[in-house]
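Please open the model in your viewer and keep the selection tool at hand. The stops below go from one selection to the next, with a short account of what is found at each.

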Amino acid sequence: MAENMYSIKKSRIPSKFEALLPIVVLLVILIPNYIFHWGIDPHIPIVIAAAVGMMVGRLCGYSYNAMLAGMLNTINRTMEAMLILMLVGCLTASWILSGTIPAIVYYGLNFLSPKIFLPVGLILCVTIGLACGSAWTTTATLGVAFMSMGAGLGINPAITAGMCISGAAMGDKLSPLSDSTNLAAGVSETNLFDHINAMLTTTVPSFFIALFIYGGISFFMTSKNYDDQIALELQQTLNEHFELSPILLIPALVIILVAFFRIPAIPGIFISSITGFIFALIFQKSGVIDCIISAHYGYSASTENELADALLNRGGMNAMMWTINLAIVAIGFGGLMEKIGIVESLLGKLVHKIKGVFSLILITMVTSLFCNLSMCDQYLALIIPASMYKDLYDKHGLARNLLSRTLEDMGTLWSPMIPWTSCGAHHTAMLGVSPVQYFPFAFIPLVTPVVALVAAYFGRLIFYADGTQTGLFFKRLKKRAPAFAPDYSLEISLAALEKIRGEKDEEEK
């Protein structure tokens with residue numbers, strides 16, 4: 001019988017040339033797009049690259065059904081993250097409509113002064129990034145304001161931009177509203193708040209190191225012609241359009257309580273969204289219809305202040321569809337690359353060099369960096385390493401939130417550091433400074449992977465599948481609640497952990 005596209009024959013791993021074809025096609029479209037500003041979103045280029053990948057898969061003996069199943073299975077495993085992203089859009093809208101995000105910005109700007117400009121700016125950028133879940137929005141609002149204020153202080157624009165990038169990236173990384181944070185947890189198949197708790201262990205030490213450095217720069221800097229007019233105008237605009245009060249910070253505290261009590265992400269975000277809309281009804285005199293429309297389409301305002309408009313006109317379930325569409329096609333592409341062995345062909349030799357936890361974390365970071373550099377997108381820098389290495393984390397008895405933390409330590413934080421990624425291009429447009437210039441001064445993205453790697457080398461900050469973990473300064477195991485993982489993962493990782501510890505006990509005897 002003649003073979004058709006649905007038949008199955010013996011398959012093989014693609015050659016290096018074949019494996020590179022889909023990636024080259026993607027780069028040929030995306031890199032010139034970012035250089036010449038064609039305005040092409042990455043969705044269709046990824047679809048085209050996936051089509052080339054399927055052709056390669058057919059040449060290597062994979063059936064259409066097998067390749068499609070590989071894509072759909074990968075997408076299916078991240079559908080909870082997609083639902084969370086939709087609710088995050090509603091939550092963002094509720095925090096704006098209620099006045100929560102405007103209140104955070106309004107009160108935060110009161111703490112600025114020349115001698116502490118950089119450290120306070122870092123804290124404010126982190127706060128706004130946490131509140132809105134978007135590094136892009138943070139640099140488009142506070143980032144723009146801080147660049148002008150920094151110029152008035154005579155600070156090197158690259159230093160101010162590095163501070164803005166550090167704070168925005170950290171806030172985005174730790175925010176339950178962030179698409180990349182939800183995606184990293186989703187592709188690693190762990191709980192959102194387990195993921196955030198794991199990230200705190202590397203990001204918080206990096207934050208204090210960066211805070212100390214920025215504080216030193218700011219303290220010894222001579223200030224002249226300090227101009228805070230931009231911040232004052234933003235505060236005035238927010239005060240005119242919202243009834244501001246410290247009580248409006250309560251919806252933001254609700255999400256902290258949700259994380260503290262380990263409430264699952266979907267009901268937790270829903271609770272915080274409802275709280276925000278209730279506050280909008282009470283304090284901003286919004287109507288029920290306003291809340292429903294805002295939850296769907298986001299907040300809409302025309303304040304005649306560009307910074308305020310950039311901050312306020314966002315949110316809503318509908319606004320998350322761009323990200324969700326990109327995540328679906330990117331995850332499908334990653335599933336295809338995994339299924340037909342493209343990633344194994346290109347990076348498979350790295351797997352054989354993994355001898356322990358340190359090398360596993362290092363290779364995960366190297367792969368994330370490779371994906372950022374070669375595929376121009378942080379989503380792929382999260383998705384592809386997760387699909388490659390999650391089984392290895394299980395075989396080493398490790399928790400899935402250690403994988404998700406490692407993905408973000410490099411995949412998310414380093415995306416703004418590369419000029420031809422979508423993040424690098426956006427931040428360059430907003431801040432007027434190239435990643436090549438602010439790279440040496442973006443201390444949180446620079447320091448966090450170093451903290452993670454040094455800690456792992458000495459057996460610190462390691463999370464195991466049974467809930468035990470080591471601290472930053474002590475290697476002694478502490479018992480915590482186990483991070484969520486699928487049943488099949490827990491079965492493999494717990495058995496592996498028992499075997500590893502049994503072998504270690506034998507060696508000590």
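Helices (H or I, at least four residues) and strands (E, at least two) are DSSP runs, numbered from the N terminus. The model is predicted, so local features need pLDDT of at least 70 and side-chain atom pairs count only at pLDDT 80 or more, while totals for chains, interfaces and linings use all residues. Residues are numbered from 1 along each chain as its sequence is written, and side-chain values use heavy atoms, with hydrogens and water left out.

**First stop: the largest cavity**

Two terms are needed here. On a 1 Å grid over the protein atoms alone, a cavity is a set of points where a 1.4 Å probe fits but cannot get out, whereas a pocket is an open set with protein on both sides within 12 Å along at least five of seven lines; lining residues have an atom within 4 Å of a point. Grid points are joined across faces, edges and corners, and a volume is the space filled by probe spheres set on the points.

By this rule there are three cavities of 30 Å³ or more, and the largest cavity holds about 60 Å³ of space. Select Thr74, Arg77, Thr78, Gly186, Val187, Glu189, Ile331, Ile383, Ala386, Ser387 and Lys390 to display its lining. At least two of the lining residues come from each of α3 (64-77), α9 and α19, and α19 makes the largest contribution, with four residues. Classed with Ala, Val, Leu, Ile, Met, Phe, Trp, Tyr, Cys and Pro as nonpolar, Asp, Glu, Lys and Arg as charged, and the others, Gly among them, as polar, the lining of the largest cavity has four nonpolar, four polar and three charged residues.

**Second stop: the largest pocket**

By class, the lining of the largest pocket has 21 nonpolar, 21 polar and five charged residues.

Now select Leu130, Ala252, Leu253, Ile255 and Ile256, which lie nearest the centre of the second largest pocket among the 25 residues that line it. Two or more residues of this lining come from each of α5 (100-108), α6 (117-132), α10 (192-219) and α12 (250-260), with α12 giving the most, six residues. The volume of the second largest pocket is about 700 Å³, and its lining divides into 21 nonpolar, three polar and one charged residue.

How many of the nine residues of α5 are buried? Buried means under 20% relative accessible area, exposed over 50% and partly exposed in between (1.4 Å probe, protein chains only). Seven of the nine are buried, so α5 is largely enclosed by the rest of the structure; select Thr100, Ile101, Pro102, Ala103, Ile104, Val105 and Gly108 to see them.

Select Ser175, in the loop between α8 and α9, which counts as buried at 0% relative accessibility. Contact means heavy atoms within 4.5 Å, and, leaving aside neighbours within four places in sequence, Ser175 is in contact with Gly129, Leu130, Gly133, Thr181 and Ile196.

Then move to Ser294 in helix α14 (residues 288-297), which is buried at 4% relative accessibility. With neighbours within four places in sequence again left aside, Ser294 is in contact with Ala93, Leu97, Phe277, Tyr299 and Gly316.

**Last stop: the core and the cysteines**

A nonpolar core is a set of buried Ala, Val, Leu, Ile, Met, Phe, Trp, Tyr and Cys residues joined through side-chain atoms within 4.5 Å. The largest nonpolar core has 149 residues, and those with the most contacts inside it are Leu109, Phe146, Met163, Leu183 and Ile361. The largest share of this core, eleven residues, comes from α19.

Finally, select Cys291, which is buried with a relative accessible area of 7%. A disulfide is a pair of cysteine sulfur atoms within 2.5 Å, and the structure holds zero disulfides. The sulfur of Cys291 is 11 Å from the closest cysteine sulfur, in Cys90, which is too far for a bond.
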